[in-house]
Amino acid sequence: AGRTASAQRVLPNAMTTEVAQRQVQVSVPPNWKRFLLTLPIFYGVDLAYYSVMAVISPYVPIYPAELVRNAAIAYAVLSWTPVVLALSAGEGVTKWDSAVYGAYVNFCIFGCFQGTALVFFESYRQLTWWTPVVDTIWGAFSGGLTCLLTHILWDRCCGWRKMDTAETPKAGEA
């Protein structure tokens, strides 16, 4: 009772379970190298999903056919780039902290977009009720997956070792 947004973890040096906060370091503006790594990952994840949706839409109408037919994917860059800025601003201490951060941020972003579309576009309100719900769930999943993959690749290819503790890196450490 009365818990904050935290996760329960069993600490390796203790026999007890303690409540520990998720640890995410946020940088505004984001690290530009991290942004450039996150950009193709998010674009690829979202393009793959919406490509699959376009193929299966005649058989599984998650998204109405008119939405799929009328999609002008070239304009997606206008919405994906700010999303990637938000996703690349946070870096978890662990890969799971990064995934939770990405899922949370994208849930908020996609939920806001869906709500705004429902408020202003009558044609969007006339769609099936599950389209905004599925798209918001997809947003949370895609944000989590993007940040997880970014975290793993950043560790392996970019030469900066992740924080091993909850301590903030000292000035001058890259």
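Glu91 is buried, and so is Arg34; here buried means under 20% relative accessible area, with exposed over 50% and partly exposed in between (1.4 Å probe, protein chains only). Before going on, note that this is a predicted model: local features need pLDDT of at least 70, side-chain atom pairs count only at pLDDT 80 or more, and totals for chains, interfaces and linings use all residues. Residues are numbered from 1 along each chain as its sequence is written, and side-chain values use heavy atoms, with hydrogens and water left out.

So what do Glu91 and Arg34 do together? Their side chains meet in a salt bridge, 4.0 Å from N to O. The term stands for a side-chain nitrogen of Lys or Arg within 4 Å of a carboxyl oxygen of Asp or Glu. Glu91 belongs to strand S4 (residues 90-92) and Arg34 to helix H1, so the pair ties together parts that are 57 residues apart in sequence. By this rule, the count of salt bridges comes to 1. As background, side chains of opposite charge can pair when their charged atoms come close.

Now for the whole chain. There are 6 helices and 4 strands in it, where helices (H or I, at least four residues) and strands (E, at least two) are DSSP runs, numbered from the N terminus. Read from the N terminus on, the elements go β-β-β-α-α-α-β-α-α-α. Of the 174 residues in the chain, 34% are buried. Take the contacts (heavy atoms within 4.5 Å) with a separation of 6 or more, and 70% of them are accounted for by residues 24 or more positions apart.

How do the helices meet? Start with H1 (residues 32-56) and H3 (residues 76-88), which pack at an angle of about 130 degrees with their axes 9 Å apart. Axes are lines fitted to C-alpha atoms, for helices over the stretch in contact, and angles run from 0 to 180 degrees between N-to-C directions. That angle makes H1 oblique to H3; under 35 degrees counts as roughly parallel, over 145 as roughly antiparallel, 65 to 115 as roughly perpendicular and the rest as oblique. On the H1 side, residues making the contact include Trp32, Phe35, Thr38 and Phe42, while H3 brings in Trp80, Val84 and Leu87, among others. Sorted by class, the contact of H1 with H3 has 12 nonpolar, 3 polar and 2 charged residues. Ala, Val, Leu, Ile, Met, Phe, Trp, Tyr, Cys and Pro count as nonpolar, Asp, Glu, Lys and Arg as charged, and the others, Gly among them, as polar.

H3 also packs against H4 (residues 95-120), at an angle of about 145 degrees and with the axes 9 Å apart. Val83, Ala86 and Leu87 of H3 make this contact with Tyr101, Gly102, Val105, Asn106 and Ile109 of H4. The residues of the contact of H3 with H4 split into 6 nonpolar, 2 polar and no charged.

Next comes H4 with H6 (residues 130-157): their axes come within 7 Å and cross at roughly 150 degrees. H4 and H6 are therefore roughly antiparallel to each other. Their contact has 13 nonpolar, 11 polar and 2 charged residues.

| Residue | Helix | Relative accessible area |
|---|---|---|
| Thr38 | H1 | 0% |
| Gln114 | H4 | 2% |
| Ala117 | H4 | 4% |

What does Thr38 touch? Setting aside neighbours within four places in sequence, Thr38 is in contact with Val84, Leu87, Ser88, Thr146 and Thr150. Gln114, not counting residues up to four places away in sequence, touches Tyr124, Pro132, Asp135 and Thr136. Gln114 and Asp135 sit 21 residues apart in sequence and 7.9 Å apart in space, C-alpha to C-alpha. As for Ala117, its C-alpha atom is separated by 9.0 Å from that of Pro132, 15 residues apart along the chain.
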